Amino acid sequence: MISLTDTQKIGMGLTGFGVFFLFFGMILFFDKALLAIGNVLFVAGLAFVIGLERTFRFFFQKHKMKATGFFLGGVFVVLIGWPLIGMIFEIYGFFLLFRGFFPVVVGFIRRVPVLGSLLNLPGIRSFVDKVGESNNMEFKTYSLQSTSSKTAKKQ
């Protein structure tokens with residue numbers, strides 16, 4: 001079992017409440033206050049779980065600047081009072097930021113008994129296969145092969 005520090009436990013709670021408030025805010029026709037509370041709790045919870053420095057490094061990597069701009073810009077737009085537009089920006093930024101984790105999540109859900117059989121239904125399977133593809137992994141494999149072939153040529 002994974003052992004969590006007290007700070008990480010608090011972060012998990014904050015993140016959970018943030019997701020709850022975001023979901024509840026969307027159900028209640030994009031309620032500004034609930035979405036704003038959910039955004040603040042989600043980002044604060046993420047910082048508590050992985051730490052401030054790692055959170056900053058995650059959001060401000062050079063190749064993730066577009067995704068970070070959309071996500072944090074969406075949070076700002078929600079906070080100033082345009083919840084629908086802000087949530088569209090946020091969702092787009094979220095998918096750009098966390099697309100590297102989707103193959104892991106899809107692989108995990110496929111191993112869950114009931115959910116795994118639902119993901120294998122004909123109409124859903126093709127969509128889940130596309131979401132579960134990892135372009136980042138192919139790039140890393142290619143770059144490792146190209147560097148190993150370069151070192152082999154030098155020898």
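## Aromatic rings

Ring pairs join Phe-42, Phe-58, Phe-59, Phe-71, Phe-94, Phe-95, Phe-98, Phe-101 and Phe-102 into a cluster, where rings of Phe, Tyr and Trp (its six-membered ring) pair if their centres lie within 6.5 Å, and where planes under 30 degrees apart count as stacked, over 60 as edge-to-face and the rest as tilted. The structure is a predicted model, in which local features need pLDDT of at least 70 and side-chain atom pairs count only at pLDDT 80 or more, while totals for chains, interfaces and linings use all residues. Residues are numbered from 1 along each chain as its sequence is written, and side-chain values use heavy atoms, with hydrogens and water left out.

By the ring rule, the count comes to 14 aromatic pairs. The rings of Phe-20 and Phe-24 have centres 5.6 Å apart and planes at 10°, so this pair is stacked. Phe-20 and Phe-24 are 4 residues apart in helix α1 (residues 6-27), and are therefore separated by about one helical turn; helices (H or I, at least four residues) and strands (E, at least two) are DSSP runs, numbered from the N terminus. Phe-20 is partly exposed, at a relative accessible area of 44%, and Phe-24 is also partly exposed, at 35%, where buried means under 20% relative accessible area, exposed over 50% and partly exposed in between (1.4 Å probe, protein chains only). Phe-56 and Phe-60 form a tilted aromatic pair, with 4.7 Å from centre to centre and 40° between the planes; Phe-56 is exposed, with a relative accessible area of 53%, whereas Phe-60 is partly exposed, with 38%.

## The loop between α1 and α2

Most residues other than glycine have a negative phi. In the loop between α1 and α2, however, lies Phe-29, whose phi is positive, near 55°, and which is exposed, with a relative accessible area of 76%. Phe-30 is placed in the loop between α1 and α2 as well, has a positive phi of about 55° although it is not a glycine, and is partly exposed, with a relative accessible area of 28%.

Helix α2 (residues 32-50) contains Val-40, which counts as partly exposed at 48% relative accessibility. Val-40 and Thr-15 are 25 residues apart in sequence, and their C-alpha atoms are 9.3 Å apart in space.

The axes of α2 and helix α3 (residues 52-59) are 6 Å apart, and the two helices pack at an angle of about 115°; axes are lines fitted to C-alpha atoms, for helices over the stretch in contact, and angles run from 0 to 180 degrees between N-to-C directions. Leu-46, Ala-47 and Ile-50 of α2 meet Leu-52, Arg-54, Thr-55 and Phe-59 of α3 in this contact, which means heavy atoms within 4.5 Å. By class, the contact has 5 nonpolar, 1 polar and 1 charged residues, with Ala, Val, Leu, Ile, Met, Phe, Trp, Tyr, Cys and Pro counted as nonpolar, Asp, Glu, Lys and Arg as charged, and the others, Gly among them, as polar.

## The largest pocket

The largest pocket is lined by 22 residues, and Thr-15, Val-19, Phe-42, Phe-94 and Phe-98 lie nearest its centre. On a 1 Å grid over the protein atoms alone, a pocket is an open set of points where a 1.4 Å probe fits, with protein on both sides within 12 Å along at least five of seven lines, and lining residues have an atom within 4 Å of a point.

Two or more lining residues come from each of α1, α2, α5 (83-98) and α6 (102-111), and α5 gives the most, with 6 residues. The lining divides into 19 nonpolar, 2 polar and 1 charged residues.
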